[in-house]
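Me: I am new to this structure and would like to know what stands behind the terms used for it. Please go through them one at a time.

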Amino acid sequence: MNIRSFRTILCLLLAGLFVLPADAQTTRKKTTSSVARKKAAARKKGKRKVVARVVPPPPPTTPKNASALASDLANSVGRIKSGRFGVMVTSLTRGDTLFSYNAAAPMLPASTMKLMSTALAFERLGPTYQFSTDALRDGEIGPDGTLNGNIYIRGDGDPSFSGRFLGGKPAAAINRLAELVASQGIRHVNGNVIGDPSAFDDERIPQGWLSRYLQAGYAARVSGLSLNENLVWVSISGAGVSLEPSTSALPLINNVRFVPGSRANIRISRNSNGTITVGGTMGRNAGPRRYVYVVEDPAAFATGAFRNALIAQGITIGGTTRIGRTPASATKVAAFVSPTLDRMAAAMNRESINHYAELIFRNGARGRDHEVQGSARTGHAALQNFLANKVGTDTTMLRFVDGSGLSTLDHITPRAMTQMLGYAHRASWGPWFHASLPVAGESELLRRRMRGGQAQGNLHAKTGTTNDVIGLAGYVTSLNGEVIAFTFLYNGRDRWTAKSMIDRMGMTLANFER
């Protein structure tokens with residue numbers, strides 16, 4: 001199967017995949033302006049700009065046989081000053097190992113772990129699988145539209161229950177579910193609004209996530225009932241202060257003073273019960289400001305948002321909002337069905353979205369029939385079973401504590417990763433797996449890497465980056481048409497050298513022929 005044939009699939013799958021928020025564009029412009037002002041100020045003071053001398057890496061080679069390739073790759077691996085490399089390169093076309101270095105060593109994978117989560121989910125669920133976040137009732141609906149009972153929102157571990165695939169609006173998914181409920185004729189709920197996150201266990205923060213990560217958007221909490229990737233936006237404008245999505249679970253106190261002018265000096269704080277207090281001053285001519293916060297209790301957040309969305313549809317609520325399990329006898333009122341899994345995997349791998357990876361990993365353990373509860377523990381067991389019994393990998397040294405690779409406790413060997421890549425290439429879901437990966441020199445996290453040579457538009461792989469890890473794992477087609485699977489993992493602090501050498505090795509593989 002030639003890699004270049006997947007490029008048409010890539011283009012089709014990526015249509016409408018990701019929308020850059022307007023705030024991100026604004027922030028970029030502000031940052032650029034700020035840098036320009038600082039440079040101008042420095043010139044006025046007579047300061048000279050000091051430019052660090054960057055030594056370019058040696059160019060990739062063009063090996064003409066397997067022995068020369070192995071020698072060239074060994075040369076690249078040996079250039080790091082500290083830390084260690086683990087490398088495994090195999091020809092999927094000929095079935096032989098082209099290079100191996102520390103291939104059996106357990107190493108931190110960083111975000112290359114997302115490849116394992118993708119493979120598990122595709123194997124167990126299939127690339128066209130869809131999740132369903134359901135609204136249910138446990139009472140009857142009267143002629144006047146009164147529900148004499150409770151209404152439930154039952155999570156299905158859907159990572160896409162947000163606006164990412166619906167135009168980018170944070171409340172788009174929850175508003176749509178509320179619209180569907182209203183379309184069934186419900187006008188009043190006598191009982192409570194109850195959220196059901198029982199698709200997953202109660203562990204919101206995987207083991208091995210460092211405390212310094214926890215208030216960053218890339219370390220959102222994990223829940224079977226998640227909304228807007230478990231992030232809430234605090235929006236401040238001349239119209240006031242609001243939360244997106246709006247939710248009754250997070251009290252909001254507005255102490256902002258509006259003053260003449262166009263400047264803003266905003267202060268935001270949160271207390272232990274989740275109350276968000278916004279203070280400071282906002283110029284009446286200032287543009288809107290938006291700040292993002294990680295939600296500590298995703299299920300409560302989503303349930304409160306469901307309540308507010310129902311109210312916005314004209315449905316009155318008589319009871320409270322709480323968390324609980326949906327009775328087996330409950331009747332489904334409406335369902336929000338997700339995009340297909342392959343589209344989610346493409347978003348996850350191309351943008352390296354940890355939230356998607358955590359939920360997809362746990363859903364891989366649940367399976368199509370939901371035979372077990374999703375958790376890091378059941379995800380580890382399902383992935384171990386898949387690798388041992390389907391891929392044929394030695395799993396002795398493997399440990400999967402989360403699905404994203406953010407944990408410092410994950411262990412993967414380059415051999416296990418490359419063997420899995422070989423299995424994925426041959427699997428019925430292989431084309432979707434290939435299509436989920438960034439492409440060298442052309443897309444997402446590889447857009448600026450390995451440009452201008454044979455690797456551009458050819459090599460496609462998942463990146464992995466933390467303070468202690470640089471990784472790349474995926475596929476490339478050599479000059480003579482061999483499909484090659486590779487895993488490059490580096491653990492240590494000489495990350496810039498390691499990254500350069502990884503790119504050099506990737507381009508060398510693209511130049512290889514025999």
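Reply: What follows takes the terms in turn, for a model that is predicted.

Me: What does the secondary structure of the protein chain come to, and how much of the chain counts as buried?

Reply: The chain has 12 helices and 20 strands. Of its 514 residues, 54% count as buried. Among contacts with a separation of 6 or more, 71% join residues 24 or more positions apart.

Me: Why is Glu229 called buried?

Reply: The cut-off for buried is under 20% relative accessible area. Glu229 has 12%, so Glu229 is buried. Glu229 is found in the loop between strand 7 (193–196) and strand 8 (231–237).

Me: Which residues does Glu229 touch, not counting those up to four places away in sequence?

Reply: Glu229 touches Pro159, Ser162, Arg164, Ala220, Ile353, His355 and Tyr356. A contact here requires heavy atoms within 4.5 Å.

Me: What makes Tyr213 a buried residue?

Reply: The relative accessible area of Tyr213 is 9%. That value is under 20%, so Tyr213 counts as buried. Tyr213 also lies in the loop between strand 7 and strand 8. Leaving aside neighbours within four places in sequence, Tyr213 is in contact with Tyr218, Ala219 and Leu406.

Me: How far apart are Tyr213 and Leu406, in sequence and in space?

Reply: They are separated by 193 residues in sequence and by 9.1 Å in space, C-alpha to C-alpha.

Me: Why are helix 8 and helix 9 called roughly perpendicular?

Reply: The axes of helix 8 (residues 354–366) and helix 9 cross at roughly 65° and come within 8 Å. Angles of 65 to 115 degrees count as roughly perpendicular, and helix 8 and helix 9 are therefore described that way. Their crossing is left-handed.

Me: Which residues meet there, and what are their classes?

Reply: Phe361, Arg362 and Ala365 in helix 8 meet Ala376, Thr378, Gly379, His380, Ala382 and Leu383 in helix 9. By class, this contact has five nonpolar, three polar and one charged residues.

Me: Why does the term roughly perpendicular apply to helix 9 and helix 10?

Reply: Helix 9 (residues 376–391) and helix 10 (residues 414–426) have axes that come within 11 Å and cross at roughly 65°. The range for the term is 65 to 115 degrees, and helix 9 and helix 10 are therefore roughly perpendicular to each other. Helix 9 passes helix 10 in a left-handed crossing.

Me: What meets what between helix 9 and helix 10?

Reply: On the helix 9 side are Phe386, Leu387, Lys390 and Val391; on the helix 10 side are Gln419, Met420 and Tyr423. These residues divide into five nonpolar, one polar and one charged.

Me: Which residues of helix 9 are buried, and what covers them?

Reply: The buried residues are Ala376, Thr378, Gly379, Ala382, Leu383, Gln384, Phe386, Leu387 and Val391. Their cover includes helix 4 (113–124), helix 8 and helix 10. Helix 9 is followed by Gly392, which has a positive phi near 85°.

Me: How do you know that strand 1 and strand 2 pair?

Reply: Pairing requires at least two bridges. Strand 1 (residues 84–91) and strand 2 (residues 97–101) have four bridges, so they pair, and the sense is antiparallel.

Me: What makes strand 8 and strand 9 a pair?

Reply: Strand 8 and strand 9 (residues 240–244) are joined over five bridges in the antiparallel sense. The requirement is at least two, so they count as paired. Val234 has Leu243 in strand 9 as its bridge partner. Strand 8 and strand 9 form a hairpin with two residues between them.

Me: How do you know that strand 4 and strand 6 pair, and in what sense?

Reply: Strand 4 and strand 6 (residues 188–189) have two bridges, and at least two are needed, so they pair; the sense is parallel. Leu147 stands opposite Val189 in strand 6. Three strands form an open sheet here, in the order 4-6-15, with parallel pairing.

Me: Why are strand 4 and strand 15 called edge strands?

Reply: Strand 4 (146–147) and strand 15 (316–317) each pair on one side only.

Notes:
Residues are numbered from 1 along each chain as its sequence is written. This is a predicted model: local features need pLDDT of at least 70, side-chain atom pairs count only at pLDDT 80 or more; totals for chains, interfaces and linings use all residues. Side-chain values use heavy atoms; hydrogens and water are left out. Axes are lines fitted to C-alpha atoms, for helices over the stretch in contact, and angles run from 0 to 180 degrees between N-to-C directions. Angles under 35 degrees count as roughly parallel, over 145 as roughly antiparallel, 65 to 115 as roughly perpendicular and the rest as oblique. A crossing is left-handed if the near helix is turned anticlockwise from the far one by less than a right angle, and right-handed if clockwise. Ala, Val, Leu, Ile, Met, Phe, Trp, Tyr, Cys and Pro count as nonpolar, Asp, Glu, Lys and Arg as charged, and the others, Gly among them, as polar. Buried means under 20% relative accessible area, exposed over 50%, partly exposed in between (1.4 Å probe, protein chains only).
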